[in-house]
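The points below are meant to be read with the model open.

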Amino acid sequence: MDYAKYLTDESKNRQASATRALLPFVSLPGMLSLGAGLPNPETFPYESMQLKLKTGEIIEVSGDNFNKCLNYDLTSGFAPLNKWIRGLQEQEHKPPVDFVVSVGVGSQDLISKALQMVINPGTPILVENPTYTGVLSFLKSQPCELIGMATDGSGLIPEKLEHQLVTWPADRARPQVMYTIPVGGNPTGASVTLERKKQIYAICQKYDILIYEDDPYRFLEFKTDRTPSYLSMDVDGRVLRFDSLSKILSAGMRLGFVTGPKALVERIDLHTMATNLQPSGVAQLMAYELLNHWGYDGFYAHVKKTAAFYEDKAKVCLALLKKHLTGLAEWSEPDSGMFVWLRLLGGITDTQKLIVEKAVANKVLAMPGEAFLPTTGEPSPNIRLSYSNISAENMDEALRRLAEVIKQEIQG
């Protein structure tokens with residue numbers, strides 16, 4: 001593929017940091033370095049690192065790895081972790097074309113850089129309607145035009161996407177990048193079926209569109225036979241895939257990774273070289289030592305257990321929704337992730353004030369739907385609920401309070 005046509009001049013002009021370009025050579029056998037300005041680790045006060053797991057297992061962290069991760073390291077991430085992740089991607093997705101991996105400070109950092117490298121003034125970007133408010137917040141700060149794509153309880157609707165592109169005005173630049181959350185969508189909880197994914201990929205081939213596959217909830221898919229990813233069917237090299245360790249290891253570690261064509265991933269790395277340099281070495285080491293301890297089988301056992309945990313949470317939430325909100329709202333059952341997307345009934349068309357004033361006054365929180373819409377200021381009858389981090393008892397009470405607020409709003 002010709003990736004140059006997607007990139008901004010700013011991205012094309014990025015050059016490797018002279019200092020960072022030397023780092024891969026520092027660890028070569030026999031190398032005597034007077035180049036890179038690495039602090040001397042003898043001055044660091046930390047001696048060693050030990051990880052204790054909830055199982056009671058103790059991981060004694062390699063001293064060599066610990067000392068290496070206390071210092072500056074590769075922009076693309078701690079090499080053993082990068083290699084482990086590459087092996088995971090090969091097992092999980094079996095990408096049909098060559099790919100590289102880069103570790104970042106959470107997937108959102110990588111996504112923002114990937115978007116910035118394709119945005120010129122007026123660039124149209126395809127996003128689901130609704131979509132993740134974190135990425136929307138970034139995009140709304142950029143000089144791009146957000147093009148909402150229709151969704152339903154099964155995610156992105158291929159027929160409506162194709163209609164948008166077929167009827168696109170001839171005098172306007174057609175979108176070349178699509179941002180999508182295909183599994184356990186945030187905020188909808190919806191997942192795209194395999195058949196739809198195949199249709200959507202074919203549409204992106206037809207119109208030469210890059211797919212930014214943001215998939216932080218893949219390992220929270222409730223069924224064990226996870227739906228194949230866009231990366232797994234990418235015969236062209238048009239998919240940039242973003243994964244996160246936040247939902248399965250620790251959100252505070254701030255680690256994510258991007259997988260895709262070298263020509264695109266290296267643009268992200270060059271951006272990182274000039275901004276935050278690299279992800280945290282110590283956080284990467286914590287992740288690597290655990291993943292290496294588990295191996296791939298142990299990792300899959302862990303995510304299976306994690307997905308089952310959230311499936312149980314979802315079942316409780318759905319039962320309590322039926323108990324408290326029947327006749328007050330409509331919703332689709334999530335098959336992955338952490339969220340349920342409600343549409344309020346009774347003539348309610350705008351949930352912003354309802355939540356930030358009336359629900360807050362009644363000591364219950366949810367997310368107003370407006371925050372997830374590509375069009376700023378557009379009212380929404382929807383709210384997003386998260387069942388991830390609340391007990392069944394508190395969820396019951398929260399939904400009772402929310403129902404009380406909705407009833408009062410309907411009654412005027």
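1. In this predicted model, eight strands form an open sheet of mixed pairing, in the order β3-β10-β9-β8-β7-β4-β5-β6; strands are DSSP runs of E of at least two residues, helices are runs of H or I of at least four residues, and both are numbered from the N terminus. Two strands are taken to pair if DSSP finds at least two bridges between them. β3 (100-104) and β6 (155-156) stand at the edges with a single partner strand each, so one side of each has no neighbour in the sheet.

2. On the conventions, residues are numbered from 1 along each chain as its sequence is written, and side-chain values use heavy atoms, with hydrogens and water left out. Because the model is predicted, local features need pLDDT of at least 70 and side-chain atom pairs count only at pLDDT 80 or more, whereas totals for chains, interfaces and linings use all residues.

3. Is β8 (residues 210-214) buried or exposed? Five of its five residues are buried, where buried means under 20% relative accessible area, exposed over 50% and partly exposed in between, using a 1.4 Å probe and protein chains only. Leu210, Tyr212 and Asp214 are buried on one side of β8, and Ile211 and Glu213 on the other. β7 and β8 pair in the parallel sense over four bridges, and Val177 has Leu210 as its bridge partner in β8.

4. Strand β14 (residues 382-386) is mostly covered, with four of its five residues buried. Five bridges join β14 to β12 (residues 339-344) in the antiparallel sense, and two bridges join β14 to β13 (residues 367-368), also antiparallel. Ile383 in β14 is the bridge partner of Leu342 and of Pro368.

5. The model contains 22 salt bridges, a salt bridge being a side-chain nitrogen of Lys or Arg within 4 Å of a carboxyl oxygen of Asp or Glu. Lys5 forms one with Asp208, the closest N and O atoms being 2.2 Å apart; Lys5 lies in the segment before α1 (9-12) and Asp208 in the loop between α8 (194-206) and β8, 203 residues apart. Lys5 and Asp208 also belong to a network of salt bridges with Asp236 and Arg238.

6. A further salt bridge joins Arg172 to Glu145, with the closest N and O atoms 2.7 Å apart. Because Arg172 is in the loop between α7 and β7 and Glu145 in strand β5, the pair ties together parts that are 27 residues apart in sequence. Arg172 counts as partly exposed at 33% relative accessibility.

7. Asp396 and Lys323 meet in a salt bridge at 3.3 Å, N to O, which links helix α12 (residues 392-411) to helix α10 (residues 281-325). Asp396 counts as partly exposed at 23% relative accessibility, whereas Lys323, at 55%, counts as exposed.
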